[in-house]
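User: I would like to learn how to read side-chain features in a model that is new to me. Could you take me through a few of them?

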Amino acid sequence: MMDPDSDSFDDDMVRRLPMLVRITPVAEEEDQRAYARDYEDHASTSASREGSNIVINLTDPGLLDCPICCEPLTVPVFQCDQNGHIACSLCCSKIKNKCPFCTCPIGSNRCRAIEKVVESSTTPCQNSRYGCNIPVAYNKKNEHEKTCVCAPCSCPYIGCNFASSAKELYQHFSNAHLDSATSFLYDNSNDGLSFPIILKRDDSFLVVREKDSGTLFILYNRTEILGNVVTVCCIQPSFMDDFIYVLLVSNGESSLKFRSVTKSTPSLQVDGPSPTSFLLIPSEFFNSSGQAKIDVFIRCKW
């Protein structure tokens, strides 16, 4: 008889596993065969073996979600003591270790076969349509997608519905809307490489574009009682590195200088929350035509 604690036993379990149901005695054999037939209709078990590893590609990755919280299963996975119903460790705590399907105790017996399937299965990133071709381990799916560089960003040009990865968005904007933005070069040498913009009192935002990389920035402008609140954001996934920027405005007699760090946002947010860091431009800095000249410096933070 095969040793239940051996690796070969676990491999054999994976090959014969009816998903989400524990291998149980002969009394449940018919139910298992029925479940296996249903599983074959929804999943591809193209299991390739390299050494002792089995890699399983699923066409219906939802089969590896916790049946209680519907989130991807992660190790450890537990099964109830009698009927093999499974749950993730977080749900076991939430349901107070009582199986919601049959009321049997759950939380002490781990389902090693399911754990091996979870660790061996890959699924496409949800951003595959935007260019991500990285095969993601199913139990790392959420972690990967939080920092995927292909996360979609939306075009800031009003009326354009284009959305794709930041790289593809920058290329799209350069091809379709180049004349709508002010172009500049990074001030990476700290030698005072600035570019001027003319801000109208009633402008809600201006788009600026770095010439070499195509990176898009939004200069937001919001009118308040004391003056105009101005801040700068970068159009890119929110987890990516920020940039340093400096704003300098003068009215001939007085000048204001503001230094801060951009916030990253995947889309234009004209009606977003009020910024916590901003340049306040008093009304007297605008000329009779309602315009103010701002010298802008932007450089990489890293």
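User: Does L226 count as buried or exposed?

Analyst: This is a predicted model, in which local features need pLDDT of at least 70 and side-chain atom pairs count only at pLDDT 80 or more, while totals for chains, interfaces and linings use all residues. Residues are numbered from 1 along each chain as its sequence is written, and side-chain values use heavy atoms, with hydrogens and water left out. Buried means under 20% relative accessible area, exposed over 50%, and partly exposed in between, with a 1.4 Å probe and protein chains only. L226 has 67% relative accessibility and therefore counts as exposed.

User: Which aromatic pair involving F184 is described, and how is its geometry read?

Analyst: Rings of Phe, Tyr and Trp (its six-membered ring) pair if their centres lie within 6.5 Å, and planes under 30 degrees apart count as stacked, over 60 as edge-to-face and the rest as tilted. Seven aromatic pairs are found in the whole structure. In one of them, the ring centres of F184 and Y186 are 5.8 Å apart with planes at 80°, so this pair is edge-to-face. Both F184 and Y186 are buried.

User: How are the rings of Y186 and F243 arranged?

Analyst: The ring centres of Y186 and F243 lie 5.6 Å apart and the planes stand at 15°, so this pair is stacked. F243, like Y186, is buried.

User: Which residues do ring pairs link into a cluster?

Analyst: The cluster linked by ring pairs consists of F184, Y186, F195, F217 and F243.
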